[in-house]
Structures are given as structure tokens and as C-alpha cells.
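Subject: Structure for your review

Dear colleague,

Please find below the structure that I am handing over to you. My findings follow it, and I would ask you to read them with the structure open.

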Amino acid sequence: MNILNLISEIERVDPEVYERLDQRRQMFRHFAGFGKKLAVAAVPLALGGVLQKAYGQSSGLSEQIKFVLNFALKLEYLEYYFYQMGLDAPGLLSGQLRDSVTIIRNDERNHVNFLRSVLGSAAIPDPGAGAFDFTGAKGGARAPLFPDVFTNAGTFFAVAQALEDTGVRAYKGGAPLLISNNTVLEAALNIHSVEARHASHIRTVRRGGPQGIPGPLTSKPKSWISGDDNGGPAPMYTAPVYGPGMPAEAYPSEANVTQAGVNLVSVFGVSTAEASEAFDEPLDPNTVLAIAGNFIK
Amino acid sequence: MFELFKESSAAAVAEAGPNGPLKRRSFLRFTGAGVVLTGLMLAGCDDNQLDKELSEAASSDSKNDNNRVVNVGSGDFGILNFAYALEQLEAAFYAQVLKGGYYASASEAEKLVFKDIEAHERIHRDFLKAGIAANGGTPIEDLEPDFSSINFGSRSSVLGAAKAFEDLGVAAYNGAGPLISNPVYLGLAGKIVSVEARHAALIRDLIQFGTFVTPDVVSQSTGLEMSLRPSQVASMANKYLKPGSKINVSKLPRE
């Protein structure tokens, strides 16, 4: 990884990264051009330390923020290893689908690296591929939920949809807990929307591509969640991905049509499907962990 | 109606703590860090410039004046009005799409997509307007869009504009999210932005399958989507608003 490229990439996302890297920003701002060179020259060799300092704002991350970021990191590892195993599975993915999964795998790998950089020494250890069992058999402790996940592309994308939709809900649930640190919050939002793009694409794949007509919500979903998607790709196992969290008042099911006390259907005269689709819902960490736990040995 | 907004606001303010309402946080942080005198003087210059901009923006407020701008305001209601302005623009765009020549001859799948998205954006618009009013804020006026640069009879023109609006919406919510003080409002923005991202990905896949994520919107080094600051969003949105309806975001929190 080239540190200058990385900093430059972060600058595209976060134009103030140089200012975060050096607190003398008010001086640098008025010496256009010099600031960047000076800041980069001052970058220590340890990349993790740099980012941790920049995003930890020198005073360290609060315990709550570390918890949320490590929780996110755990999910990113789950997703990263899932897509990596899919790409490694002989004959599973080819052509455009392989290209798409490669793009998504790369994003998840980058999320892992980014979160590790922000957390520094507080990051959880890499669990490794061996920690996961995406058949849902928990390493043989129970009957598999998705026995053909790496031999049947349909099953692979069904599981992918559940993981991505869970990821979107998890980040959405975590964001308000990061409100004390705007830099970390914005980074989390910037991951959240990428997960939503992934989820949309996978759903599009599952209904046969962008010209596919949505059918049964479980097998030919829209690119957005409609109602509770009748429980998702495999309702017996995936219903919790679309259902309520704990407590349900704070984390309603995706079928929710009441926002901030307003019943969108009765107040605005729209359909139940439209009202539910227009808003995604957050999920609490415990419910997310219970879902993810199906794939952890 | 809107009880959740109201009940939570006091707790929200408490929870936001010193980081929430304090707009000059960085300024104070740097004085605390013992910055050199020139730094302080230069920071002072920035504030004077800001005040000058604010008073100029406030002075141009007469009706039927093409130089007049619609200021979205300050604080959380300013952010919500900023979002409301964007949702007005999106809702008006999709309403126009449904009346246009492209839609009339579009594939069945594309008709369903645009019909859904139009409904979602209309709901976002109406919800934000009602929410701002119910919580004691004042929604900005109805903006007059200018879609003269879009050919509603052309599939590529409509899809290209839809991509621009959806990508802009995602980058705008991502950039404005951290400026929100009240975690309830932040949560609501989060519920909307992921739906915008789902739209953006599908519109992009309609233009070319597999372009749901590209380097112009998502960093290939960090995997993070790129935010836009409200001022950047406003200048892009203003290309689609008539003179007299252009938005000004100068009073929004900057950090």
C-alpha cells in the first residue's frame, strides 16, 4: 500500500485530512500548497498510527466508538471472507458476475484495512477464513442452512443479499453512536452507502439483471427492500435480517411505514409498499450479531 | 404526530454534548493546543469573511429578484431544509420523467423502476416538509426547478440525469450527516440515504451493468464513498434551479 496514494485518496473523501494530520491547520490554510507538502513530510512511517491520530483526533477514541468500529470490523471480515471464498470456489462465478463480486470483495477488503487503520492497536485480531462457515453448519455442529453456498450461484447471491442488507442496517444502527466524533461518523456513513450500493446490485442480479421484472420478493426482489421482503431470500433463516430488532420501537422491521410518528400511508396517501421502501431501518448490535452468528463457527 | 422527534430532542441535545452545538469546535481546539499568534489572527479573518458573506446573503431577499437566493437556514433545521431542497429537486425530476417521452416507451422493467423511485422521492420530500414544520422549524418555499438541460424524450439523457441526482443525493447526505446535532435527525437521514444509494446503484446498472460502484464515487483505496460539502452540493443543485430559486447554504454548520 502506497501511503501517499492512500492519503490522496482519503483527501478525496475527506478534504480536511491534511488538517487532521497536523493541528497547525490555520497556518497551513493561508500558505496554499505548502501545507500538503509539510504535512506529508511529517507523516510517520507507521500508517496505522497516522490514521489513528488523524481520526482519533489525538485524544484517542472513546470506548463506545471503539466498540462500534470493532463491531463494524467484525462484519467487514465476515463479508470479505465470504466474497473471497466465493471467488476461490471453482466454477461458481464467471463473466460479469465474477467482475461484480470482485468489485465488492475489494470494497470489503478496503473497509477492513480502513477500520484497522483507524482503530490501530485497539482493532480486533483478524479472525481468518477458518473462523467462518458460510453453509451455516457452524463447522459441523448442526445441519447446514445453505449447503450449496459455494457451488450454486443462486444460493451464493441469496446469502450475499442477506449479508449486505444486514450490513446496511448495522451501520445505520451504529451511526448515531458515533455522533461525538464527526470524522469517524462521516467515515461510517461513507461505508454505509457503499454497502447499500452492493445490496442494490446483488438484488438486481437476483431478479435477472436490471431488465428483470420483480416477482416474488424472496426470489426476484426489487433493488430496495419492499415491506419485509416476505422474510428475504430464505425466509426460514433470513427473516431476522428484515424483521424488528431489540427494542422494536427503536429498531422496527423493514416493513415499517411510520417515521417520526407519522404514518406515511395515511398522511400522504401512498401505498404500504412505497412507504416501506422509501426508508431503510436500523438494527441493533445484538440482533446483527445473532444473524452473523449463523456464519461463525 | 411526530412525537418521536419531540420526545427525543432534549435527550439528544444532552447526548450531543460539547461536540454538538458548538460550531467553532476546531477553532477552540486549536487555541487550546497553543497555536501561534499568527494562526489566531488568521482564524479571526475567516470569521470576518464569514460574517460578511452572511449579511450579503440576508440582504438579497426581495421577491421577483433573480439575484435572490433561498437560504436554507442554520442549525439542524438548516440541514433538514437543505435535504428538503434536494428532495424537492429529485421529486420534481422524477415527476417530469413519468410525463415524458422516454418513460412512455421505456421497457416494462424501467417503467417499474422510475415509478417506484418517483414515489420514494415524493415521500421523502413530503415527509421532510412536514417534519420540519411539526418540530418548530420553517420549511423553505417550493423551489422552481429548471430541467431545460435534460431531454425527457431521451433514455440516455434521463438516465444520465438520474445518476447525477442520485449520486449527488448520497454524497450530500453523507457530507451533511456529521453536521447534524440531534441523533434522531441523524438516524432519519440514515434511513433515507441508503435508499438513495440503492437508487444510484440501480440507475448506474441500467446505464451499464456492473457500474454500481466506480472510482468517481467510491475510493479504490479505502472503500469509502466520497462526501460532498453542502456548498459543493448547492452549486451542483443550483444548475437545476431557476434564478430566484437557487439555494444558499452559507449559514449551515461547517463542522
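Predicted model: local features only at pLDDT ≥ 70, side-chain atom pairs only at ≥ 80, totals over all residues.

The size of an interface is often given as the accessible area lost when the parts come together. Between chain B and chain A the buried area is about 6,800 Å², and carbon and sulfur atoms give 62% of this area. Three residues, B:Lys191, B:Arg198 and B:Phe209, supply 12% of the area that chain B buries against chain A, which is more than any other three residues.

Polar groups also meet across the two chains. There are 7 salt bridges between chain B and chain A. In a salt bridge of this model, the side chain of A:Arg197 meets that of B:Glu225, with 2.8 Å from N to O. The count of residue pairs in polar contact between chain B and chain A, both at pLDDT 80 or more, is 30.

Aromatic rings

Over all chains, the model holds 27 aromatic pairs. One of them joins B:Tyr102 and B:Phe114 edge-to-face, with 5.7 Å from centre to centre and 80° between the planes. B:Tyr102 belongs to helix α5 (residues 101–104) of chain B and B:Phe114 to helix α6 (residues 108–134) of chain B, so this pair ties together parts that are 12 residues apart in sequence. B:Tyr102 and B:Phe114 are both buried.

A further pair is formed by B:Phe165 and B:Tyr240: the ring centres are 4.8 Å apart and the planes stand at 55°, so the pair is tilted. Because B:Phe165 lies in helix α7 (residues 155–176) of chain B and B:Tyr240 in the loop between α9 (230–237) and β2 (247–248) of chain B, the pair ties together parts that are 75 residues apart in sequence. B:Phe165 has a relative accessible area of 3% and is therefore buried. B:Tyr240 is buried as well, with a relative accessible area of 18%, as the cut-off for buried is under 20%.

Lastly, B:Lys111 lies over the face of B:Tyr103, at 6.0 Å from the ring centre.

Yours sincerely

Methods. Residues numbered from 1 in each chain as written. Chains lettered and ligands numbered in written order. Heavy atoms only, no water. Phe/Tyr/Trp six-rings, centres within 6.5 Å; stacked < 30°, edge-to-face > 60°. Helix = DSSP H or I, 4+ residues; strand = E, 2+ residues; numbered from the N terminus. Buried < 20%, exposed > 50% of the residue type's maximum accessible area, 1.4 Å probe, protein only. Lys NZ or Arg CZ within 6 Å of the ring centre and 35° of its normal. Buried area = accessible area lost by both parts, 1.4 Å probe. Salt bridge = Lys/Arg side-chain N within 4 Å of Asp/Glu carboxyl O. Polar contact = N/O pair within 3.5 Å; in protein donor to acceptor, adjacent residues only side chain to side chain.
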